[in-house]
Amino acid sequence: MKNITCIDDLRDLHMRRVPKAFFDYCDHGSYTESTLRANREDLSRIKFRQRILVDVASRTLNTTILGEPAAMPMMLAPIGLTGMQHGDGEIYACRAAQEAGIPYTLSTMSICSIEDVASSVKKPFWFQLYMMKDRGFMKSLIERAIAARCSALVLTVDLQVIGQRHADIKNGMTVPPEWRLSTLFDFATKPAWVSGVLRGKRKTFGNLAGQMAGTEDLNSLSEWISTQFDPSLSWKDIDWIRKIWPGKMIIKGILDITDAREAVKTGADAMVVSNHGGRQLDGAPSSISVLPEIVQELGSQIEIMFDGGIRTGQDVLRALALGAKSCMIGRAYVYGLGAGGQAGVAKAIDILAKELSTTMGLCGINRIEDIDRRILIESRVTNA
């Protein structure tokens, strides 16, 4: 992958190597995609102060995330269906993250199961939980994460009602994919992808399939999933989770200061300022535009993470300058996975790390802990 120089290069390669339905699942957002675009546009408007003649020869990206050492202030976000971007994609992504010295988060809606990943990697990883109506199943899923030695639980709270994603409906996307005439040619032009997925450990949602009576086949599993996202989910359910989960907990999907205050009251170890990558409430503000207010009021009380629109190491630096302690990387690493499996994910992480380090140097910064709003041109900071 020597000719790959940026995340956009990985995206282009991903688009060529993975069937359209799965590329679109990763790449697109909900409804008009205005929030998806705002995530990128608002980040790009934030400008840096260039500094010169500052000794930046000793730059380091080392930091801590949830009190644990990390090689850089990033972690791989929970992304569903990564095993359909590349066979055994969750395992390869986790390995790449662990080799890079950063956390990996496995989605509830993964293809490889918790147990598949745990048996294939050397270190603990994070597990992301979608709260479903069947509390008995939820309890067993949390217990499986405990048994797998997951080191943090990421509770995603912004998917009680699923935002409509036009591309998925138009593509007729299913898991596993249906071998229909309309998709057969697409698959036929991507033999490496087909071979990898067929060799993978699983072809459907590994954490869910067969775990409940009557979910052994695709149709029954799809039916069960469609009824399980819980619109009645409320703050009191977090207390129920805390009674089962003994470890560190992160609440992901905070986009409003009122909700951020409530998240602090739960005793969570961290929150992720996130709009689900523009895949849920279209017309919601960008993640970066609400970050400063949340940091200003609550940054001393809880570890604040950022998610939404990151495509460069410069974007990571922008979020850190506005007070985030670390950033979740989503689409950027999935582009790498689709482009080249584990090596592609490693390339994505390396690209972001080098861009972050270079930009720190040009801003006169040596250490992550020295990053603050002084490296920004204040008039260009969104909603500051």
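This report covers the nonpolar cores, the cysteines, and the cavity and pocket of the structure above.

## Basis

The model is predicted: local features need pLDDT of at least 70, side-chain atom pairs count only at pLDDT 80 or more, and totals for chains, interfaces and linings use all residues. Residues are numbered from 1 along each chain as its sequence is written, and side-chain values use heavy atoms, with hydrogens and water left out.

## Nonpolar cores

The largest nonpolar core has 114 residues. A nonpolar core is a set of buried Ala, Val, Leu, Ile, Met, Phe, Trp, Tyr and Cys residues joined through side-chain atoms within 4.5 Å. Buried means under 20% relative accessible area, with a 1.4 Å probe and protein chains only. The residues with the most contacts inside this core are Leu76, Leu129, Met271, Leu291, Ile294 and Ile329. Helix H15 (residues 331-362) gives the largest share, 14 residues. Helices are DSSP runs of H or I, at least four residues long, and strands are runs of E, at least two; both are numbered from the N terminus. A second, separate core has 13 residues, including Met75, Ala77, Ala270 and Met328.

Methionine 271 touches residues that include Ile250, Ile251, Ile254, Ile294 and Met305, leaving out those up to four places away in sequence. Contact here means heavy atoms within 4.5 Å.

## Cysteines

The structure holds 0 disulfides. A disulfide is a pair of cysteine sulfur atoms within 2.5 Å. For cysteine 150, the nearest cysteine sulfur is that of cysteine 94, 9.0 Å away. Cysteine 150 is buried, at 9% relative accessible area.

Cysteine 327 is in no disulfide either; the nearest cysteine sulfur, in cysteine 363, is 15 Å away. Cysteine 327 is buried, with a relative accessible area of 0%.

## Cavity and pocket

On a 1 Å grid over the protein atoms alone, a cavity is a set of points where a 1.4 Å probe fits but cannot get out; a pocket is an open set with protein on both sides within 12 Å along at least five of seven lines, and lining residues have an atom within 4 Å of a point. The whole structure has 1 cavity of 30 Å³ or more. The largest cavity has a volume of about 40 Å³. Its lining includes Tyr130, Met131, Phe229 and Asp230.

The second largest pocket has a volume of about 500 Å³. Its lining has 23 residues, and Val157, Asp158, Gln160, Gly253 and Asp259 lie nearest its centre. Helix H11 (236-244) and strand E7 (248-254) each give two or more residues to this lining. H11 gives the most, with 3 residues.

Key:
Grid points are joined across faces, edges and corners, and a volume is the space filled by probe spheres set on the points. Buried means under 20% relative accessible area, exposed over 50%, partly exposed in between (1.4 Å probe, protein chains only).
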